[in-house]
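Subject: The structure for you to look at

Hi,

Here is the structure I promised to pass on. Have a look at it first, and then read my notes below.

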Amino acid sequence: YGVTDLPPGPDLANEVRRLHAQLPQVTAIVSSPLQRCLRLAEALGRARGLAVATDPRLREIDLGAWEGMRWDAIPRGQSDAWAADVTGARPHGGESAMMLAERAGAALAEVPQGALVVTHMGVIRAALARAGEPGAWEARVEFGGWVSL
């Protein structure tokens with residue numbers, strides 16, 4: 001979905017209950033401003049008695065001309081170019097993964113210790129890469145999943 005601002009899925013209330021029970025104690029909550037993250041963050045904030053700060057640098061990667069397209073509708077030459085250089089290519093005209101990593105890394109450097117960051121898979125991958133995790137750019141975290149860094 002990239003930066004397309006879609007609402008969260010219909011199971012938001014159940015996800016909030018599950019995450020509230022699973023997540024460790026946090027000192028703050030910082031979220032992407034895109035509503036699929038922000039609404040989850042706000043619900044968790046209410047459950048934990050914490051205000052939510054937003055940071056636009058935590059939004060998902062900008063997929064340019066690919067925004068809203070199905071993967072099988074992307075011209076094969078473009079998707080092949082992207083696959084050949086996942087961190088540097090931007091055949092869609094949006095951001096490269098490296099551009100995302102620089103933007104998100106600057107935001108993550110300002111997140112207080114012990115905070116929960118509610119964000120997107122691209123930002124999670126950038127954070128894992130920043131932490132030196134092997135295979136970070138191919139990492140998979142299920143929707144509503146979380147990692148501890």
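Predicted model: local features only at pLDDT ≥ 70, side-chain atom pairs only at ≥ 80, totals over all residues.

Residues are numbered from 1 along each chain as its sequence is written, and side-chain values use heavy atoms, with hydrogens and water left out.

**The sheet**

Three strands make an open sheet in the order 2-1-3, with parallel pairing. (Helices, H or I with at least four residues, and strands, E with at least two, are DSSP runs numbered from the N terminus; two strands pair if DSSP finds at least two bridges between them.) Strand 2 and strand 3 are the edges, each pairing on one side only. On average, neighbouring strands are turned by 25° against each other, ignoring direction. (Axes are lines fitted to C-alpha atoms, for helices over the stretch in contact, and angles run from 0 to 180 degrees between N-to-C directions.)

Strand 1 (residues 28-31) is joined to strand 3 (residues 115-118) by four bridges, and Ala28 sits opposite Ala115 there. Towards strand 2 (residues 52-54) there are three bridges: Val30 faces Ala53, and Ser31 has Thr54 as its bridge partner. To get from strand 1 to strand 2, the chain passes through helix 2 (residues 35-48) in a right-handed β-α-β crossover. (Right-handed means that, with the strands pointing away from the viewer, the path from the first strand over the helix to the second runs clockwise.)

**Which side chains are covered?**

In a regular strand the side chains alternate between the two faces of the sheet.

Ser31 counts as buried because its relative accessibility is 0%. Its contacts beyond four places in sequence include Cys37, Leu38, Thr54 and Val118. (Contact means heavy atoms within 4.5 Å.)

**His120**

Where is His120? This residue lies in the loop between strand 3 and helix 5 (121-130). With a relative accessible area of 5%, His120 is buried. Its side chain makes a polar contact of 2.8 Å with that of Ser32. (That is a pair of N or O atoms within 3.5 Å; within protein, one must be able to donate a hydrogen and the other to accept it, and residues adjacent in sequence count only if both atoms are side-chain atoms.)

**Two helices**

Helix 4 (residues 97-108) and helix 5 pack at about 75°, with axes 9 Å apart. They are therefore roughly perpendicular. (Angles under 35 degrees count as roughly parallel, over 145 as roughly antiparallel, 65 to 115 as roughly perpendicular and the rest as oblique.) Among the residues that meet there are Leu100 and Ala104 in helix 4 and Val123 and Ala126 in helix 5.

Cheers

Conventions
Buried < 20%, exposed > 50% of the residue type's maximum accessible area, 1.4 Å probe, protein only.
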